[in-house]
Amino acid sequence: MNDLIFFFNQALIGGVVLGSVYALGAVGVTLIFGILRFAHFAHGDMMTMGAFITFVLAGALAAMGIVTPIPTGVLVVPLAMVLAAGLALGIDKGFYAPLRARGAKPVTLLIASIGVTMMIQGLIRLFFGVETRSFFDTEPKQIFRIELPFEGVTRPITFTEPQIWLVVSTAVAVIALHYFLTRSRLGKGMRAMADNPDLAKVSGINTKLVVRVTWVIAGALACLAGTMLALDVTLKPDLAFNIVLPIFAAAILGGLGHAYGAIAGGFVLGFAETLAVFNWSVLLRPFRDVLWFEIPNSLTLVQSEYKLTVAFLILVVVLLVRPTGIFKGAST
């Protein structure tokens, strides 16, 4: 039973947490691709930028002596999302909109997004340095342990407060996005433009407004994803740079341009990574007496330091077998 609880803590809870981060990031990527038709490689650094905005606001509250029963980073994240959405609009107006006005091809916008990535990283390092920070330097990080009332069970189910906030905020964001895309006039316009931009334009849809709203949603969700990731681990200048590949893999797996597919792809990829690095010999040890082979000490499919190869492998398989993804999004 202790081994099952270990599996629950490491694989299942870890998969939900990692999948939530990937899902929030992949939604922004897939919305930008669906509306603007280019891969925005700076999205990971927009997540990092949003986390640092939240960190600054949380530090300002702490300096004012404000104490709250919830983590300060969670309290200020709505304001940080608004600021991050404004910065995302500024990035589009300053870098991408002039290129679109000149009729730039998607590959040109992609290369420009790599330049935006370097710019954001440089500014973060310029103003905040390269050291690692934590939202919980001045406040405790609460850890919950649920003891199970079973004989012989000594290992509790364990999770942290930031992980709860991450899952809850992901659920709220997904539900809000669903109602926006299906019930609002503007949301339906976004879906129409994602399906056929030319037809949406001649149908009277305000495409310029749709583009602005797309950047607002993408920037806000990037800030939420980056903040929740930083609350769960630590904050550093390359916080989300290393998960750009899994985020794109999740978006492609679900179907580029399909918001619901990005959410599904994020969770599939999150569980795939956690299950790949899990030591499966732990679950086999109770059956060592009946097995015909000796159980190795480590039975992981992929070493933890190479878990990004799982995303790469899934990405390659999807591109070869089903380029449109699970939900048949835009062909990659």
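Colleague: Hi! What volume does the largest pocket have?
Modeller: The largest pocket comes to about 750 Å³. Of the 29 residues lining that pocket, Leu18, Leu229, Asp232, Val233 and Lys307 are the closest to its centre. A pocket here is an open set of points, on a 1 Å grid over the protein atoms alone, with protein on both sides within 12 Å along at least five of seven lines; a cavity is a set where a 1.4 Å probe fits but cannot get out, and lining residues have an atom within 4 Å of a point. Grid points are joined across faces, edges and corners, and a volume is the space filled by probe spheres set on the points.

Colleague: Before we go on, what should I know about the model?
Modeller: This is a predicted model: local features need pLDDT of at least 70 and side-chain atom pairs count only at pLDDT 80 or more, while totals for chains, interfaces and linings use all residues. Residues are numbered from 1 along each chain as its sequence is written, and side-chain values use heavy atoms, with hydrogens and water left out.

Colleague: Good to know. Which helix gives the largest share of the lining of that largest pocket?
Modeller: That is H1, with ten residues. H1, helix H8 (207–232) and helix H10 (259–277) each supply at least two residues of the pocket lining. Helices (H or I, at least four residues) and strands (E, at least two) are DSSP runs, numbered from the N terminus.

Colleague: And how many cavities of 30 Å³ or more turn up?
Modeller: The search of the whole structure finds one. The largest cavity has a volume of about 40 Å³. Its lining is made up of Ala23, Leu24, Val27, Thr170, Ala173, Val174, Leu177, Leu221 and Ile263. Helix H1 (2–36) and helix H5 (161–183) each supply at least two of the lining residues, and H5 has the largest share with four.

Colleague: Changing topic: how many aromatic pairs are there?
Modeller: Ten, from a search of the whole structure. In one of them, the rings of phenylalanine 52 and phenylalanine 128 have their centres 4.6 Å apart and their planes at 35 degrees, so the pair is tilted. That pair links distant parts of the chain, 76 residues apart: phenylalanine 52 sits in helix H2 (residues 43–63) and phenylalanine 128 in helix H4 (residues 106–128). The rule is that rings of Phe, Tyr and Trp (its six-membered ring) pair if their centres lie within 6.5 Å, with planes under 30 degrees apart counted as stacked, over 60 as edge-to-face and the rest as tilted. There is also an aromatic cluster formed by Phe6, Phe7, Phe278 and Trp280.

Colleague: Is phenylalanine 52 buried or exposed?
Modeller: Phenylalanine 52 is buried, at a relative accessible area of 2%, whereas phenylalanine 128 is partly exposed at 21%. Buried means under 20% relative accessible area, exposed over 50%, and partly exposed in between (1.4 Å probe, protein chains only).

Colleague: What does threonine 54 touch?
Modeller: Leaving aside neighbours within four places in sequence, threonine 54 is in contact with Gly73, Val76, Val77, Ala80, Phe135, Cys223 and Thr227. Contact means heavy atoms within 4.5 Å. Threonine 54 is in helix H2 and is buried, at 0% relative accessibility. Its side chain joins that of threonine 227 in a polar contact of 2.8 Å. A polar contact is a pair of N or O atoms within 3.5 Å; within protein, one must be able to donate a hydrogen and the other to accept it, and residues adjacent in sequence count only if both atoms are side-chain atoms.

Colleague: And where is threonine 72?
Modeller: Threonine 72 is in helix H3 (residues 72–101), and is buried at 8% relative accessibility. Its side chain makes a polar contact of 3.1 Å with the side chain of glutamate 139.

Colleague: Last one: how many salt bridges are there?
Modeller: Two, where a salt bridge is a side-chain nitrogen of Lys or Arg within 4 Å of a carboxyl oxygen of Asp or Glu. Arginine 100 forms one with aspartate 92, with the closest N and O atoms 2.7 Å apart. Arginine 100 is partly exposed at 28%, while aspartate 92 is buried at 6%. Arginine 133 forms a salt bridge with glutamate 131, with the closest N and O atoms 3.0 Å apart. Glutamate 131 is partly exposed, at 41% relative accessibility.
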